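Please read the following account alongside the sequence and the coordinates.

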Amino acid sequence: MKTIIDNYIRKEMFPNIWCPGCGNGIVLGAIIRAIDELKWDKNEIVAVSGIGCSSRITGYVDFCTMNTTHGRALPFATGIKMAKPDLKVIVVMGDGDCSAIGGNHFIHAARRNIDLTAIIINNMIYGMTGGQYSPLTPTGKFGSTAPYGNIDQTFDLAELATAAGASYVARGTVYNARQSSSLIKKALDKKGFSVVEIISDCPISYGKMNKMKSPVDMLKWIKDITVSKKVWEALSEEEKEGKLVTGEFVNIDRMDYSEKYKGIIKKAQEMGGNKQ
Amino acid sequence: MNNQKNIKLLQGNEACVEGALLSGVKFFAGYPITPSSEIAEGMAKKLPKIGGKFIQMEDEIASMAAVIGASMAGLKSLTATSGPGMCLKQENLGFAIINEIPCVVVNAQRGGPSTGLPTKPSQGDMMQARWGTHGDHPIIALAPSTVNEILTLTIKAFNFSEKYRTPVILLLDEVIAHMREKVEIPAPEDIEVINRKKPTVPPEEYLPFKPDEDGVPPMANFGEGYRYHITGLVHNYKGLPTSDSQEIDAFIRRLHNKIEKSIKDIIIIERYLLDDAKIALIAYGSVARAAERTVKLAREEGLKVGLLKLLTIWPFCSEEVNKLAQQVDLIIVPEMNLGQMVLEVERASRGKCRVVPYGRVDGELINPIEILGKIREEIKK
């Protein structure tokens with residue numbers, strides 16, 4: 001039986017490289033379902049990624065796809081969008097990719113409010129390289145480079161994106177794939193810089209080092225540490241400790257970068273004509 | 001036909017802007033850095049007038065990435081920087097090489113290492129231009145020595161990048177980037193502008209990395225109905241990652257061969273009074289200007305000196321240098337570093353004549369008199 005997914009994947013690339021129980025496949029499914037509901041033309045979609053397990057997503061989808069360098073997916077996507085503003089440009093990143101090596105690009109893409117959708121698969125670890133701690137590894141948790149526990153503070157990517165000026169910011173989980181898909185759909189449909197962080201699981205690297213050996217253990221843990229906005233608001237500061245809030249945080253209408261640049265072109269041409 | 005020549009007094013960096021516009025540039029991404037900033041400023045002003053796009057990115061890495069992205073979407077793209085920025089661009093320069101994405105990168109060289117000498121000239125980045133990004137790869141690098149040549153070689157750089165699907169480095173130095181000279185701006189109809197080959201097959205038959213006979217695969221721009229994958233991983237004809245050793249070998253060799261087999265088209269040199277020369281100077285960039293003057297002065301003294309001026313520095317003109325080494329007794333290589341090009345000259349000469357470096361790294365230009373002094377000193381030996 002042919003499913004929706006079949007219409008959007010490069011079959012020759014399967015089986016994928018992800019470990020059993022990895023959340024990346026759930027996110028891939030959520031993205032595809034969102035795109036299918038939007039009825040976008042595959043020829044007009046460009047998917048861009050950086051480096052890491054999550055970044056392999058671009059190899060699996062039948063769009064124009066670009067698996068770029070570590071942390072740099074957003075500036076590559078910025079060039080594509082500037083060149084052809086009618087293309088729908090989706091950027092998929094991991095937590096290390098987006099918040100460590102790509103952190104500067106992330107805040108500036110948000111600041112410009114360029115019309116891209118950034119989907120961050122946050123499994124709180126560098127999975128591909130063997131479980132080193134990332135800027136999103138919770139304090140106190142373990143990684144292969146944090147054998148005595150992580151002393152770093154984490155970023156809140158949603159708050160970071162909000163402060164930097166994104167037009168749409170949301171957070172979902174692989175535990176709640178349907179909600180994630182609908183958040184992604186709204187993000188894709190949003191004009192301007194949109195961000196969806198999906199809390200995901202890495203049973204092989206993160207789970208093993210943090211006493212959650214099975215994917216089910218990890219999904220249960222994700223369920224336990226995440227709360228909806230409504231529940232979150234009723235929690236005391238103490239209760240909020242170690243928890244992540246899910247849902248939609250920002251949804252505003254603001255002129256996007258390409259639209260603003262059209263104004264620059266108009267102004268430049270009015271001032272000096274077409275002459276060089 | 002308008003017979004009146006369009007002559008302007010331009011700064012080197014401004015000439016680069018004019019050359020890029022004549023080449024059909026439609027996108028620039030950059031980051032402020034001395035001594036190349038005037039290129040970004042010119043682009044910011046002029047690109048929107050022709051419907052092109054300019055963006056100042058958050059850093060040099062991002063500028064290089066944006067340029068590659070824009071080129072993938074079909075726009076001829078340019079970025080400009082200097083040594084410290086060039087270091088940062090190397091990562092994505094490699095991405096452009098492995099994915100055969102046309103673009104032009106200007107490096108207005110200043111003294112280094114590190115912050116070095118922001119407002120003084122250097123030729124310290126010649127080897128960086130060749131080997132700066134990691135891995136085994138080819139590169140094309142052009143090096144003008146006059147403001148007029150900056151214009152003509154910028155056009156060449158775009159043409160080579162489109163024709164061979166490769167990034168091209170335009171290596172200036174602080175002096176020619178900032179000096180003002182008379183430039184003849186050609187009429188658009190008088191210049192050759194090359195655009196990338198497009199696929200002639202329908203999307204379902206398109207193999208994005210299957211080369212034509214010239215070693216260069218036709219390139220479909222994103223958004224034109226051809227859906228395919230681009231990756232920094234070594235890839236097969238489809239653009240998908242491969243670990244097949246035969247495919248890997250063929251791919252890496254093809255990247256080199258597509259440049260190597262067109263070396264006659266790519267290498268641009270000028271021979272000045274070399275026919276009867278017994279001593280040859282080999283130089284590029286602003287040093288070539290001084291060397292040309294040295295040749296005149298030496299000839300007045302009855303010394304048979306000539307100049308081989310390189311406009312293409314990578315790939316290196318080994319064959320020409322080898323021939324020259326068989327003709328002359330001595331080659332002197334003046335350069336604003338402690339010996340980079342001289343290594344290539346030695347290699348190409350294969351011991352057929354004496355090869356002597358003459359380096360200067362104090363941030364000052366090499367002048368004609370000191371090269372002449374070096375000649376006098378060497379002929380006594």
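The paragraphs below begin with conventions and then turn to the structure.

This is a predicted model, in which local features need pLDDT of at least 70 and side-chain atom pairs count only at pLDDT 80 or more, while totals for chains, interfaces and linings use all residues. Residues are numbered from 1 along each chain as its sequence is written, and chains are lettered from A and ligands numbered from 1 in the order in which they are written.

Chain A contains 12 helices and 10 strands; helices (H or I, at least four residues) and strands (E, at least two) are DSSP runs, numbered from the N terminus. The C-alpha trace of chain A spans about 65 × 50 × 35 Å along its principal axes. For 276 residues, a compact globule would have a radius of gyration near 19 Å, and the 19 Å of chain A agrees with this. That radius is taken over C-alpha atoms, and the globule rule is 2.2 Å times the number of residues to the power 0.38. Of the 276 residues in chain A, 53% are buried. A residue is buried if 20 or more other C-beta atoms lie within 10 Å of its own, exposed if 12 or fewer, and partly exposed in between, with C-beta atoms placed from the backbone. Two residues are in contact if their C-beta atoms, placed from the backbone, lie within 7 Å. Among contacts in chain A between residues at least 6 apart in sequence, 65% join residues at least 24 apart.

The two chains meet through 37 residues of chain A and 40 residues of chain B. On the side of chain A, the elements that give two or more residues are helix 2 (57-60), strand 2 (64-67), helix 3 (73-83), helix 5 (103-112) and helix 12 (257-272). Helix 3 of chain A gives the most, with 8 residues. By class, this side of chain A has 16 nonpolar, 16 polar and 5 charged residues. Here Ala, Val, Leu, Ile, Met, Phe, Trp, Tyr, Cys and Pro count as nonpolar, Asp, Glu, Lys and Arg as charged, and the others, Gly among them, as polar.

Strand 2 of chain A deserves a separate look. Strand 1 (residues 45-49) of chain A runs parallel to strand 2 of chain A and is joined to it by 4 bridges; strands pair if DSSP finds at least two bridges between them. Strand 2 of chain A also pairs in the parallel sense with strand 10 (residues 229-231) of chain B, over 3 bridges. A:M66 stands opposite A:V48, and its bridge partner in strand 10 of chain B is B:I230. A:N67 stands opposite B:T231 in strand 10 of chain B. Both faces of strand 2 of chain A are covered, with A:C64 and A:M66 buried on one side and A:T65 and A:N67 buried on the other.

What gathers in the interior? In soluble globular proteins, nonpolar side chains tend to be buried together. A nonpolar core is a set of buried Ala, Val, Leu, Ile, Met, Phe, Trp, Tyr and Cys residues joined through C-beta atoms within 7 Å. The largest such core has 184 residues, of which A:V46, A:I80, A:V91 and B:I282 touch the most other members. Domain 1 (6-190) and domain 2 (270-380) of chain B both give residues to this core, so it lies between them. Domain bounds come from an automatic or database domain assignment. Residues up to four places away in sequence aside, A:I80 touches partners including A:V46, A:L87, B:M72 and B:F222. Apart from this core lies another, of 13 residues, among them A:I125 and A:Y133.

Within chain B, the centres of domain 1 and domain 2, taken over C-alpha atoms, are separated by 27 Å. Their contact takes 24 residues from domain 1 and 19 residues from domain 2 of chain B. The largest share of the domain 1 side, 4 residues, comes from helix 5 of chain B. The residues of that side divide into 15 nonpolar, 5 polar and 4 charged.

Some backbone details of chain B remain. A cis peptide bond joins B:G112 and B:P113, with omega about 0 degrees, and another joins B:W314 and B:P315, with omega about -5 degrees. B:S114, in the loop between strand 5 and strand 6 of chain B, has a positive phi of about 60 degrees although it is not a glycine. B:S114 is exposed, with 8 other C-beta atoms within 10 Å. B:R165 also has a positive phi, of about 50 degrees, and is not a glycine, but B:R165 is buried, with 25 other C-beta atoms within 10 Å.
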